[in-house]
Amino acid sequence: MTTQFILLTEPTLPIVEAFNRWESNPFLIPFTRPHKNKEELDNVTVLTREELSKRLENHHIYLIYNEGELIGEMNYMVDPEHLYKKEPGTAWIGITIGEQEGRGKGIGVKAMQYIEDQIKKQGLKRIELGVFEFNTQAQKLYHKLGYQEIARLEAFTYWQGKMWADIRMEKYLM
């Protein structure tokens, strides 16, 4: 299995179409961003090429390819406002394995290790992330990779008829 990670520098139409496919996938929507209620959860927005280009101003985005096929993306921001611990030199990360055939094959582990290396190369010492409490599979992955829970933000996102917490986790890079 060949997995590649490529820094996104110029969004193409096929890349924008993939992002829109993932961001409108009813299975993925609850996992990728918080929602205040059912209406927000059901609302699908369409990302333009210009909007994805604008994201590159404050996100380092890496495309995840498996066997030559684009299957997901991962990204990080440096010192964003929404950090739980406002510790300078912190990367906030996100990862989406958007295509079903990319899940359950260890690609998430490889992707996390790769992005941690990129963050370390930039000279950052700490990573923080948020994972919704219903996403137990991701929580297990993050614990396995050495992330520790630092906070729970209760009633953070809506899914399956109720509000769920956002679990904030951190890892210090050596």
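Rings of Phe, Tyr and Trp, the latter by its six-membered ring, pair if their centres lie within 6.5 Å. In this predicted model, the rule gives twelve aromatic pairs. One of them joins F134 and W164. Their ring centres are 5.3 Å apart and their planes meet at 80 degrees, so the pair counts as edge-to-face; the cut-off for that class is over 60 degrees. The pair links distant parts of the chain. F134 sits in the loop between β5 (126-132) and α6 (136-144). W164 belongs to strand β7 (residues 162-172), 30 residues apart from F134. Both F134 and W164 are buried.

These two residues belong to one aromatic cluster. Its members are F27, F31, F132, F134, F156, W159 and W164. W164 also has a charged neighbour: K162 lies over the face of its ring, at 4.1 Å from the ring centre.

The strands were examined next. Seven strands form an open sheet with mixed pairing. Their order is β1-β2-β3-β4-β5-β7-β6. β1 (3-7) and β6 (148-159) stand at the edges. Each has a single partner strand, so one side of each is left without a neighbour in the sheet. From one strand to the next, the twist averages 25 degrees.

Within the sheet, strand β4 (residues 90-97) pairs with β5 in the parallel sense, over three bridges. T90 has R126 in β5 as its bridge partner. Helix α6 lies across β4, β5 and β7. Its direction is at about 160 degrees to β5.

Definitions and conventions: Residues numbered from 1 in each chain as written. Predicted model: local features only at pLDDT ≥ 70, side-chain atom pairs only at ≥ 80, totals over all residues. Heavy atoms only, no water. Phe/Tyr/Trp six-rings, centres within 6.5 Å; stacked < 30°, edge-to-face > 60°. Helix = DSSP H or I, 4+ residues; strand = E, 2+ residues; numbered from the N terminus. Buried < 20%, exposed > 50% of the residue type's maximum accessible area, 1.4 Å probe, protein only. Lys NZ or Arg CZ within 6 Å of the ring centre and 35° of its normal. Pairing = 2+ DSSP bridges. Axes fitted to C-alpha atoms, helices over the stretch in contact; angles between N-to-C directions. Contact = heavy atoms within 4.5 Å.
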